[in-house]
Amino acid sequence: MVDLSSETTLPLLPLSNGVVLPGMTVTIGLETEEARAAAEAAGAGADQILLVPKVGAHYASVGTVARVEDRRRLRGGLPALVVTGLARARIGTGVPGTGSALWVSIETVAVPPAGGRSTELAKEYRAVVEAILEERGMAELAIGLRDITDPGQLADTAGWSPDLAFEQKVELLETIEVEPRLERALGWMKDVLAELSLKDRIRRDVAEGMERSQREFLLRQQLNAIRKELNEGGQDEEDLTEGYRRRLAASGASGAVVKAVEAEIAKLERTSEQSPEHGWIRTWLDTVLEMPWAERSEEHLDLVAARAVLDADHHGLDEVKDRIIELLAVRKLRAERGLDAGPGASSSDSAPPGTAAGGAAAAAPARRPGAILALVGPPGVGKTSLGESVARTMGRRFARVALGGTHDEAEIRGHRRTYVGSAPGRIVRAIKESGTMNPVLLLDEVDKVGSDWRGDPAAALLEVLDPAQNHHFRDRYLEVELDLSDVVFIATANVIETIPAPLLDRLEIINLDGYTEDEKVGIARDHLLGRLLGAQGLRPGEVEIGDDALRLIVSDYTREAGVRGLERQLAKLLRKTAAEVASGADTPAVIDDPAVRRHLGRRRFFFEPAERTSVPGVATGLAVTGAGGDVLFVEASAMDGGETGGPSLHITGQLGDVMKESAEIALSYVRSNAEALGVDPAALRGRRLHVHVPAGAVPKDGPSAGVTMVTALVSLLTGRPVSAKVGMTGEVSLQGHVLPIGGLKQKVLAAHRAGLTDVILPRRNEADLEDVPEAIRQDMVFHLAGEVDEVLAVALAA
């Protein structure tokens, strides 16, 4: 019998991951305030404490009365108790006690005498445990068991077993009767011994067929032996290759794909798991079987609904919307009249056009129109969102392939499987991510595709975008034919000059040249504000902003072709408004012109031409950059120090070769026509002319600055300033002809944004004025010039 205190109440110390049975001496770390309070309360009494396992949120019904043998600190300074279990006790109700510990009333359990079977069960239990210890090479520990004669104490030694779960040990503690306790402990120990015997038999089976040089093969052999021993066949442990075959049967792949996958599965069966090729084959199989071979989006070709979607998503851009509707109309008519031969059909199959496979004459299948739309325009005009709108109108999935900065053709065609880390190309990955074989794929920034020693991605795109080839596209990683003929490709670019000519030949260019001031106000009101209000945590009724305030932001705080800068300024304005609302300001907050000035600060853009052209020698030109149209000032000055017999020319502003040549042509024209232009030939002798185009840090090139350079030189040499309201563009020849240019709409929009009212254009660009919005044509005066004389007559002030 153990010596128990006469106390019927003890402090309770909960155990969340262990069980202390009578007869066990253990060290318990006091990790919680509750545990430390219980230890302190025990020290203030008879150094006895109640140890109760805590299962989840509930305490066990039986605990162990333990005596505190020692107090110490573990490594790291954590306080701990060394306790010895004395006896089981049933837990009563909580009672008041000293300190912050949980005190409970207890009832010590009287252990009933052992029954007739207890002796036999104890002998069998001892034998099983000794066998376990021997199996684990710890036979010397069995000596301690032989000294325990009490069957109940012997059953409690199961609490030391690392093979029993926490819940099993709690069940052992709560079992008061000796005979049932021994039966439970014996059953558990028999399970442990059986598991150890099975592992030993598996180990022997594996060792018999394994050579010493193949020890790395151990894991797979053990797995096979376990499966053989358990005779498993359940779905959860299905064979790897059978799983691949089931996935193949459900994939809906074509015959060629099925044949290739089956060959790889057969190869996988013959390949060791330790071989690197095993992982490569599995990665390939996973990639191929993840492709949506049988998935296709049902196409919606309702033109009225499509136009409604485009109008809801985008303000203006009527010509672009019309072209998209035309594309959908063609697809609708061909589908209704059965003119599409279906996915993958082509007139360039193995049989010659017009000849059936058996040699008889037959009509060639109609090919789906191969127009690839390319949306070209400066950043922020809505190219990517237009692609998303096309996908919505057609009821197809949308995926984006970012091509900017791509230099490796393997990014398009995929890497060969012989390379480490190989992967399919971006086209295949985009189709897999979209989940269908007929998505709308946006090829973003095709004008920024590079080429180097790794190949030319633009050349790889030719096969992808050619309707005569892409129904048999072969990714180098997949090495199976992929039908891209039903994929709708839409390309985007900022400029067409950097798109390789063969690729440009595959594209139908749709220009998005930018927005007028009125269109930007409409976009801000109808599209940007609603999205930005929610992003800043504001409700629609909490802010009121009129068109006048929006127009002020457009004119004084942004100057761009698109609306990204406008969106940033609106976001800044709404953030500051949100701060006022969050601080308790009255709502709705009215954002008028003074509020815009207060929140956005000083205006960022001014009408520069008046200041810049106030002196002779400065002319306002118009140019197209990757960010849209822009205003360009050409400055000229003269000084002594030129060549004998004629002026010398110095050019700055980081100009390209074409602009430098334009400056040379301009000077040659002025010299050869000096008298007709009112320039004193003597004023040119021994003079050094300097032509500069700000900003000097930005590279510039192109032929359309010719008339601007001539005007700047004539203005300088005649002392007549250029009109501040006039902008100009056009290439000039040595004979003084004004030659046509490109990008007219973007240049006119830039002139309008800059506040210019008159624009001088080449006469041969007159038809391009139809592309300029009607509102801009009404606001501005266009002067068509065929000769330099006509340009100077308008540009130079009287």
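**Figure 1. Pro588 sits in the loop between H20 and strand S16 (589-591) of this predicted model.** The peptide bond joining Thr587 and Pro588 is cis. Its omega is about 5°. Most peptide bonds are trans.

**Figure 2. Helix H20 (residues 564-582) packs against helix H18 (residues 517-535).** The two axes lie 10 Å apart and the packing angle is about 50°. The crossing of H18 past H20 is right-handed. H18 contributes Lys520, Ala524, Leu528, Leu529, Arg531, Leu532 and Leu533 to the contact. From H20 come Leu566, Glu567, Leu570, Ala571 and Leu574.

**Figure 3. H20 also meets helix H21 (residues 593-600).** The axes of H20 and H21 come within 10 Å. They cross at roughly 95°. The two helices are therefore roughly perpendicular to each other, as angles of 65 to 115 degrees count as such. On the H20 side, the contact is made by Gln569, Lys572, Leu573, Lys576, Thr577 and Glu580. On the H21 side, Ala595, Val596, Arg598, His599 and Leu600 take part.

**Figure 4. Five strands form an open, parallel sheet.** The strand order is S9-S10-S13-S8-S14. Strand S9 (398-402) and strand S14 (507-511) are the edge strands, and each pairs on one side only. On average, neighbouring strands of this sheet are turned by 25° against each other, direction ignored. Helix H12 (residues 318-336) packs on the sheet. H12 touches strand S8 (372-376), strand S13 (488-493) and S14. The direction of H12 makes about 145° with that of S14.

**Figure 5. S9 pairs with strand S10 (residues 440-444).** Strands of a sheet pair through backbone hydrogen bonds, either parallel or antiparallel. S9 and S10 run parallel and are joined by five bridges. In one of these bridges, Phe398 has Val440 in S10 as its partner.

**Figure 6. Glu445 and Glu479 each have a positive phi of about 60°.** Neither residue is a glycine. Most residues other than glycine have a negative phi. Glu445 lies in the loop between S10 and helix H16 (457-465). Glu479 is placed in the loop between strand S11 (473-474) and strand S12 (481-482). Its relative accessibility is 38%, so Glu479 counts as partly exposed too.

**Figure 7. Pro740 lies in the loop between strand S23 (738-739) and helix H25 (744-753).** Pro740 has a relative accessible area of 31% and is partly exposed. Pro740 touches Glu731, Pro762, Arg764 and Asn765, not counting residues up to four places away in sequence. Gly730 is 10 residues from Pro740 in sequence. In space, Pro740 and Gly730 are 6.1 Å apart, C-alpha to C-alpha.

**Figure 8. The whole chain has 27 helices and 25 strands.** The chain holds 798 residues, of which 45% count as buried. Its accessible surface comes to about 38700 Å². Carbon and sulfur atoms account for 50% of that surface. Among contacts in the chain with a separation of 6 or more, 73% are between residues 24 or more positions apart.

Key: Residues numbered from 1 in each chain as written. Predicted model: local features only at pLDDT ≥ 70, side-chain atom pairs only at ≥ 80, totals over all residues. Heavy atoms only, no water. Pairing = 2+ DSSP bridges. Helix = DSSP H or I, 4+ residues; strand = E, 2+ residues; numbered from the N terminus. Axes fitted to C-alpha atoms, helices over the stretch in contact; angles between N-to-C directions. Contact = heavy atoms within 4.5 Å. Buried < 20%, exposed > 50% of the residue type's maximum accessible area, 1.4 Å probe, protein only. Areas by Shrake-Rupley, 256 points an atom, 1.4 Å probe, with all protein chains shown as cover. Left-handed = near helix turned anticlockwise from the far one by under 90°. Parallel < 35°, antiparallel > 145°, perpendicular 65-115°, else oblique.
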